[in-house]
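Dear colleague,

Please find below the structure that I promised to pass on, followed by my notes on what was found in it. I would be grateful if you could read the notes with the model open beside them.

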Amino acid sequence: MKIIAMIPARLGSTRVKNKNLRLINGKPLIQYIVDSAVGSTMIDEIYINSESTQFADIAENSGIKFYQRPEELSSNKATNDDFALDFINNVECDILVQLLATSPFVTSKEI
């Protein structure tokens with residue numbers, strides 16, 4: 001059974017500009033959930049799912065994968081279901097776990 005973790009990260013946040021890249025204690029917000037996912041023993045593969053290749057560097061530096069979703073799936077009108085469906089139609093998995101960059105206090109043990 002293949003368990004994939006997907007971390008959606010949109011660059012164009014309207015309320016807080018570049019929120020997923022904002023530094024907290026010297027680390028981008030998204031890095032906290034990436035580190036927790038990497039430390040989990042339950043996940044087979046981890047992806048950052050974004051329209052922006054700025055997140056590809058974070059993925060590469062963390063030893064995880066990057067999935068570049070179509071630009072139209074990063075608009076304010078695109079729903080979580082829209083980009084999750086696109087992802088599972090393109091990445092083979094049995095179970096998809098979505099982890100959010102805006103939940104930096106989730107631990108590896110909780111995952």
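Predicted model: local features only at pLDDT ≥ 70, side-chain atom pairs only at ≥ 80, totals over all residues.

The buried residues of helix α3 (residues 80-90) are covered by elements that include β1 (3-8), β4, β5 and β6 (95-98), where contact means heavy atoms within 4.5 Å and buried means under 20% relative accessible area, exposed over 50% and partly exposed in between, with a 1.4 Å probe and protein chains only. The buried residues in question are Phe83, Ala84, Asp86 and Phe87. They cover an arc of only 160° around the axis, which puts them on the same side of α3; the arc is that of the directions from the helix axis to the C-beta atoms. The face of α3 turned away from this buried side carries the exposed residues Asp81 and Asn89.

Residues are numbered from 1 along each chain as its sequence is written, and side-chain values use heavy atoms, with hydrogens and water left out.

Within α3, Phe87 is buried, with a relative accessible area of 0%. Leaving aside neighbours within four places in sequence, Phe87 is in contact with Ile4, Met6, Tyr47, Asn49, Tyr67 and Leu96. Phe87 and Arg69 lie 18 residues apart in sequence, with their C-alpha atoms 7.6 Å apart in space.

An α-helix has 3.6 residues a turn, so residues three or four places apart point the same way. After α2 comes Gly63, whose phi is positive, near 75°.

Two loop residues also deserve a note. Asn25, in the loop between β2 (23-24) and β3 (27-28), has a positive phi near 55° although the residue is not a glycine, and Asn25 is exposed, with a relative accessible area of 78%. Ser40, in the loop between α1 and β4, is buried, with a relative accessible area of 8%, and touches Ser108 and Ile111 when residues up to four places away in sequence are not counted.

As for the chain as a whole, the secondary structure comes to 3 helices and 6 strands, in the order β-β-β-α-β-α-β-α-β along the sequence; helices (H or I, at least four residues) and strands (E, at least two) are DSSP runs, numbered from the N terminus. The radius of gyration, taken over C-alpha atoms, is 13 Å, close to the 13 Å that the globule rule (2.2 Å times the number of residues to the power 0.38) gives for 111 residues, so the chain is as compact as a globular protein of that length. Of the 111 residues, 41% count as buried, and residues 24 or more positions apart account for 62% of the contacts with a separation of 6 or more.
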